[in-house]
Amino acid sequence: MVPPLALDIDGTLTTRSDQIDPRVFEVLPAWEAPIVVATGKSFPYPVALCHFLGIPEQVVAENGGVVCADGQVSFQGDRDRAEQAIEAFRDRGGDLGWDAADTTNRWRESELAAHIDADEELLRAVAEEFGLEVIDTGYAYHLKTPGVEKGDGLAAVADILGLDAGSFVAIGDSENDVSLFGAAGDSYAVGNADKRAKAAAETVIDGEYFDGTLGVLESLQAEA
Ligand SMILES: O=C(O)COP(=O)(O)O
Ligand SMILES: [Mg+2]
């Protein structure tokens, strides 16, 4: 029997050019165990991914700020505080770096994210003043409530599903996956992962992006 999976999106299910690898649409719908999509992206993105994959909406979004399983949704984190901090960031000349539509933050419930080219030093200074933290996923800086983590989100989803988080295999690529690796029973960092993810993972693989992830999924299937 294949194990349940906890899968990051960016850097893990994507290609080098940030698209969902089309092979995701073959492999994940056929996976014969639960899948939790655990991401830093806002809630609609993983929900849409599950929807179009035709798999249950089992989702950890916003680095643990939003958790959804079995038709229930819960929220963690202090978005108001993140908004106040961003106001201070802007007052000091900071720019989140998004266009007017800001589809990165438009539906965020618990945290806010800045473009990877935004002023990191200023963002970190403001975060500290407001008792928040900055997580660098390699795709964005997330200004978030300390203690809200993907790993706790996985534990919450597992609980709802009546599973042990330790039965999950997690695959990810960045520092926002460290807690996920801690909560899961086994963990893999893809070859493009950052230092923190690589240090935290049980196994670091050579394959990059979804090539790497697919290699892990195939070996899990071969062992099952
Ligand atoms: O939202 C991000 O910055 C990264 O998203 P991810 O957690 O799916 O890699
Ligand atoms: Mg990622």
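Why does ligand 1 lie between domain 1 and domain 2? Both domain 1 (5–75 + 148–223) and domain 2 (79–144) give residues to the shell around the ligand, so it lies between them. The domain bounds come from an automatic or database domain assignment.

Before you select anything, note that this is a predicted model, in which local features need pLDDT of at least 70, side-chain atom pairs count only at pLDDT 80 or more, and totals for chains, interfaces and linings use all residues. Residues are numbered from 1 along each chain as its sequence is written, while chains are lettered from A and ligands numbered from 1 in the order in which they are written.

**Stop 1: the ligand**

Select ligand 1 and then its shell: Asp8, Ile9, Asp10, Gly11, Thr39, Gly40, Lys41, Thr137, Tyr139, Ala140, Ser174 and Asn176. A residue is near a molecule or strand if its C-beta atom, placed from the backbone, lies within 6 Å of it. Three shell residues are nonpolar, six are polar and three are charged. In this grouping Ala, Val, Leu, Ile, Met, Phe, Trp, Tyr, Cys and Pro count as nonpolar, Asp, Glu, Lys and Arg as charged, and the others, Gly among them, as polar.

Next select Asp8, Asp10, Asp173 and Asp177, which UniProt lists under "binding site" in an unreviewed entry. They are spread over 170 residues of sequence but cluster in space, with a largest C-alpha distance of 10.9 Å. UniProt positions are given in the numbering used here, feature names are shortened, and annotations may be inferred rather than shown by experiment. Asp8 lies in the loop between strand S1 (5–7) and helix H1 (24–27). Helices (H or I, at least four residues) and strands (E, at least two) are DSSP runs, numbered from the N terminus.

**Stop 2: the two domains**

Colour domain 1 and domain 2 separately. Their C-alpha centres lie 24 Å apart. Across the boundary, 16 residues of domain 1 are in contact with 13 residues of domain 2; contact requires C-beta atoms, placed from the backbone, within 7 Å. The side of domain 1 that touches domain 2 has five nonpolar, seven polar and four charged residues.

**Stop 3: the eight-stranded sheet**

Show the strands in the order S5-S4-S3-S2-S1-S9-S10-S11: these eight form an open sheet with mixed pairing. Two strands pair if DSSP finds at least two bridges between them. S5 and strand S11 (203–204) stand at the edges with a single partner strand each, so one side of each is left without a neighbour in the sheet.

Now zoom in on S1 and strand S9 (residues 169–172), which run parallel and are joined by three bridges. Leu7 has Ile171 in S9 as its bridge partner. Then find strand S4 (residues 66–69) and strand S5 (residues 72–75), an antiparallel pair with four bridges. Cys68 stands opposite Val73 in S5. S4 and S5 form a hairpin with two residues between them, and Asp70 in the turn has a positive phi of about 50°.

**Stop 4: the three-stranded sheet**

What is the order of the three strands in the other open sheet? The order is S6-S8-S7, and the pairing is antiparallel. Strand S6 (112–115) and strand S7 (133–136) are at the edges, each with a single partner strand, so one side of each is left without a neighbour in the sheet. S6 pairs with strand S8 (residues 140–144) over four bridges, and Leu112 stands opposite Leu143 in S8.

Key
Two residues are in contact if their C-beta atoms, placed from the backbone, lie within 7 Å.
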